[in-house]
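Grab a pencil and work through the exercises below. Each one sets a task and then walks you through a solution.

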Amino acid sequence: MIGWAMRRLPPGSLAWLTLHELRGTTRAAGGGKTRWIVGALVLLGYTGLGVFFGTVLADEPFRPGPLAWLVVLIAAILLFTFMTTQALLASQRTLYEAGDLDLLFSAPLDPRTIVSAKLLGIAGGVMLTFSIFLLPILLPVALLGHPELLGALALLVALACTAACLGLGVTLLLARTVGPRAARTLGQILAALTGASVFLATQILNQHDDRRESGTMLLFEALRSRGYGSGGLSGLPGRAAFGDPLAMTLLLGGALALFALAAWGMRHAFLHSYRAGGARPAANRTAKGGIARHFHRGLFTSIFVKELRLLLRDPALIFQVLLRIVYLAPILLLAFRDGRSLPMAPTLAFTSVVIAGQLVSSLAWLAASAEDAPDLLKVAPVAKDDLDFAKLLAAMALAAPLGVLLPIGIALETIPGALVTLVFTAGAGGVVGYLEVAHAQPAPRSTFQRRQKGGGIVRNLIEFVIALLLGLAAGVVVYFL
Amino acid sequence: MSIPALRIAGLQKSFGKPVITGLDLMVGAGQLYALLGPNGAGKTTTLRMAVGLTEPDAGSIEIFGIDARTSPQDAKAITAWLPDEPMLYDKLTPAEYLGFVAGLWRIPPDQAAPEAERLLRWLELWEVRDTRCEGFSRGMQQKVALAGALIHDPQLLILDEPLTGLDAAMARSVKDALRAAVDQGKTVIVTTHILEVAERLADRIGIIAGGTLLAEGTLEELRALAGSDEATLEDTFIRLTSRS
């Protein structure tokens, strides 16, 4: 469909270039014919659900008020953080990975058109992702009786445009201030943090509250008590989503004005970053001394040292791995909350096993699948099982410093409990790590910022369930010790 | 008669359609052997099967008498593979990379470290031994990969298009390195599109087309096969491949 539309537009125009960007985004999603068919069927089913809701709600009158506006405001905040994360990553890909800027800037086109098309491409990509989740429900409900909900589309466009401007702006600012190489790492860390920001904020709120309500509810109450969402600027998203023409115009107009301003203002910064991005990223280090320290006896040491070096030299990946652990923090908080009802040692044992399992799983995934030179390992005179075992051991060794922290804490209460926890922690790490190593799909490490972990949802779920079961077993054993 | 460095018999491989169709090839020890062929002739597939990266459908592969299909590790221990895209880690330095490769081939550190130093100095990489490979030019990356291929003192060195993307000076130093390896008694097999390289460097030349060996011999033998004593290798190559 995009190709059809492109053939009808003047080549080199803003619309033509934007469609070219969107074509790249949709094709980057990848997947074979089967995946597209399954995706289409799921989408069809999802739309069917939307039609069901639309039919049920068709005659139900909507009377949006401050409460509904506040719900929309919170949803918009959440959506905006995810969109900004996506825009940050898309901006990085545009500047450093897409590889088409040489072609575009060497063509007889106005650089402003190119920058605008890139920005529109980022916004369009963001919009496309979230449209897939929202529109199959929203559109049927709106079309079958509540046309005022089409205002949510305006909100979606406004959020995507603003997120695209913010994403590209931050990426360019980082490139200008810290240089292209550090900008990539910092941008990826920032993207991960942005995505997790609301979660982290709700967890912190939750930690300081005695009422055991969820973090999101606390955020809701905090905003409501301060009057957010019912009026003024904070009321705009809610009003726009429920079809208030003035709010829609203000939001959409503001976002589009910002977008135009950004496209105009970022042109020079974009060109500067593009040119700087082409520079060689690594500075020459003065070589000193001999090289004997780099040679080790035995396969495991060689693999371990290599994996450790590669991990330490990729802060963005380390951050991604650690962020997975942060998402498990609520389990740990259970043990430390004021007036806790769960016993400390068993809870810590459970947490230790689950967290170590996830950590080893991530590290094993990196060791086995983030492999720049898989053919080198295949042509080496080493059995695959030995190599897999060495990688698994390396992942477990890398996770060990974090893996022993909680057992040390348990040891203050019960030493046998600490030993049991250690055994279960190592066991969980070994089992889930083995699953990752055994099903490795090697690919260059540089592509890992946009790769889904492991072999998809099913394996991740199996690994998590194994870690949970072993964690529960550890908790029960420690409880009865 | 000495054991051939590489002996391939009845090799077959199909990727949906046949790519290698009963290939027989023998490369004598201590030679520089150039494998030529048009695009898609099956050169890379043949070599990838020889080093154990691709599983053949049928046929046998022996490296210095070792059956590479039943004893792959023994065969790999004396073989080096250098593809056109260097098998490097961007974030490792040349010294660290050589340390890792030596570990994979289980070369004792006291033996590997001096050899690595010799290779790094010889390939003019000593000054950048502590700089990560990510900033290296294509030629420097190729030299690091070549050092990695030589660190375990292989008897058979197999290179796929080793001169692709190299400038003249770098290409010369790689050619010198290959010739030096042969002078030290090693066997080198290269695929190349640059016929002048094969003409000047190779002791013997094999021409592969349609998944089978079309012709093989010294340049003079190939000229005789093509029916022209004065022809260049390019003329000979075109005549032979156009017959297939």
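## Getting started

Chain A has 21 helices and 0 strands, where helices (H or I, at least four residues) and strands (E, at least two) are DSSP runs, numbered from the N terminus. This is a predicted model, in which local features need pLDDT of at least 70 and side-chain atom pairs count only at pLDDT 80 or more, while totals for chains, interfaces and linings use all residues. Residues are numbered from 1 along each chain as its sequence is written, and chains are lettered from A and ligands numbered from 1 in the order in which they are written.

## Exercise 1: two helices of chain A

Task: work out how helix 10 and helix 11 of chain A cross, and which residues meet there.

Step 1. Find helix 10 (residues 232-241) and helix 11 (residues 245-265) of chain A; their axes come within 8 Å and cross at roughly 115°. Axes here are lines fitted to C-alpha atoms, for helices over the stretch in contact, and angles run from 0 to 180 degrees between N-to-C directions.

Step 2. Look at who touches whom: A:Leu236, A:Pro237, A:Arg239 and A:Ala240 from helix 10 of chain A meet A:Ala247, A:Met248, A:Leu250 and A:Leu251 from helix 11 of chain A. Two residues are in contact if their C-beta atoms, placed from the backbone, lie within 7 Å.

Step 3. Sort that contact by class, and you get 7 nonpolar, no polar and 1 charged residues. For this count, Ala, Val, Leu, Ile, Met, Phe, Trp, Tyr, Cys and Pro are nonpolar, Asp, Glu, Lys and Arg are charged, and the others, Gly among them, are polar.

## Exercise 2: where the chains touch

Task: find out how many residues each chain gives to the contact, and which helix gives the largest share on the side of chain A.

Step 1. Chain A puts in 32 residues and chain B puts in 37.

Step 2. On the side of chain A, the elements giving two or more residues are helix 13 (299-312) and helix 17 (374-379). Helix 13 of chain A has the largest share, with 6 residues.

Step 3. By class, that side of chain A splits into 15 nonpolar, 6 polar and 11 charged residues.

## Exercise 3: helix 3 of chain B

Task: is helix 3 of chain B enclosed or open, and what does it pack against?

Step 1. Count the buried residues, meaning those with 20 or more other C-beta atoms within 10 Å of their own C-beta, placed from the backbone (12 or fewer is exposed, in between is partly exposed). In helix 3 (residues 94-104) of chain B, 11 of the 11 residues are buried, so this helix is largely enclosed by the rest of the structure.

Step 2. Check the neighbours: the buried residues pack against helix 13 of chain A, together with helix 4 (109-122) and helix 5 (138-150) of chain B.
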